[in-house]
Amino acid sequence: MTVSQAAFKDTILDPTAVVPEGLINPDGQQASKRFDVYRNNVAVSLSDALEAAFPVVRKLVGDQFFRAMAGVYLRKHPPRSPLMMFYGNAMPQFLSRFEPTKSLAYLPDVAKVELAMRHAYHAADATPVDGQALAALDPDTLMSAKLQIAPAVQVLTSQHPIHAIYLANTQADAPKPVMQPESIVITRAGFDPQLNLTNAAGAGCIIALQDGKSLGQAMALADDTLDLGAVLGLLLGQSAVTKIH
């Protein structure tokens, strides 16, 4: 008797499940011990992948707590892809519903930052435009221009100090976070993603540009706290504009 893929999948992440019928040793006996070893190795590998993906979340909750939490996560959210560098996409939603972490309201957004950093790292390369090309446009043409943003650029807004929390847990000399809303833009001018602090208006402007809005339309959607010069300076300085339409 052969073991179906569905039966194998349903039991491989459930430590209480019995060995699938048809899984036997060479001597014809049920392969209970071998299957338990394999099942444990799979769980350990997925937990290791989550630890590598969310080092700041792990630091905030502690190693022992994170390991136990990872065990719950991996059984609720098994991998959907063989590419382990993308495993954990459901972590923010999981943390928002996970009762033991409800008191850490900022934790789901910190997980979003770590996911965004990972997606920025693995995003496709793109050739940036010469910043002088934008500066050469007359005001009317500039406002009607659409800027194509590099695939690596990720934008997040939060009611929590996600930029400060991330830095406080990755840099030894970072200041203590002040509990206030923060917005970030993740860029990748070189090989490694970089976290950039902006305000909500700046973040919204960049999101509008990513959605295909013209520069004038993106400005119109923002409030008077938008510093367009700072936004363009950030995008051009971080090689984040790849085309001007």
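Predicted model: local features only at pLDDT ≥ 70, side-chain atom pairs only at ≥ 80, totals over all residues.
**View 1. Helices α10 and α12 where they pack against each other.** Helix α10 covers residues 200-210, and helix α12 covers residues 228-237. Their axes come within 10 Å and cross at roughly 55°. The two helices are therefore oblique to each other. The crossing of α10 past α12 is right-handed. On the α10 side, Gly202, Cys205, Ile206 and Leu209 make the contact. Leu228, Val231 and Leu235 make it on the α12 side. Sorted by class, the residues of this contact are 6 nonpolar and 1 polar, with no charged residues.

**View 2. The largest pocket and its lining.** The volume of this pocket is about 270 Å³. Its lining consists of 15 residues. Nearest the centre of the pocket lie His77, Pro78, Pro79, Arg80 and Tyr87. The lining of the largest pocket is made up of 8 nonpolar, 4 polar and 3 charged residues.

**View 3. The second largest pocket and its lining.** This pocket has a volume of about 160 Å³. Ala124, Asp125, Ala126 and Pro128 are among the lining residues, as are Ala150, Pro151 and Ala152. The lining also includes Arg188, Ala189, Gly190 and Phe191, together with Ser239. By class, 8 residues of the lining of the second largest pocket are nonpolar, 2 are polar and 2 are charged.

Notes: Residues numbered from 1 in each chain as written. Heavy atoms only, no water. Axes fitted to C-alpha atoms, helices over the stretch in contact; angles between N-to-C directions. Helix = DSSP H or I, 4+ residues; strand = E, 2+ residues; numbered from the N terminus. Parallel < 35°, antiparallel > 145°, perpendicular 65-115°, else oblique. Left-handed = near helix turned anticlockwise from the far one by under 90°. Contact = heavy atoms within 4.5 Å. Nonpolar A, V, L, I, M, F, W, Y, C, P; charged D, E, K, R; others polar. 1 Å grid on protein atoms, 1.4 Å probe; cavity = no way out; pocket = protein on both sides within 12 Å on 5 of 7 lines; lining within 4 Å. Points joined across faces, edges and corners; volume = space filled by probe spheres on them.
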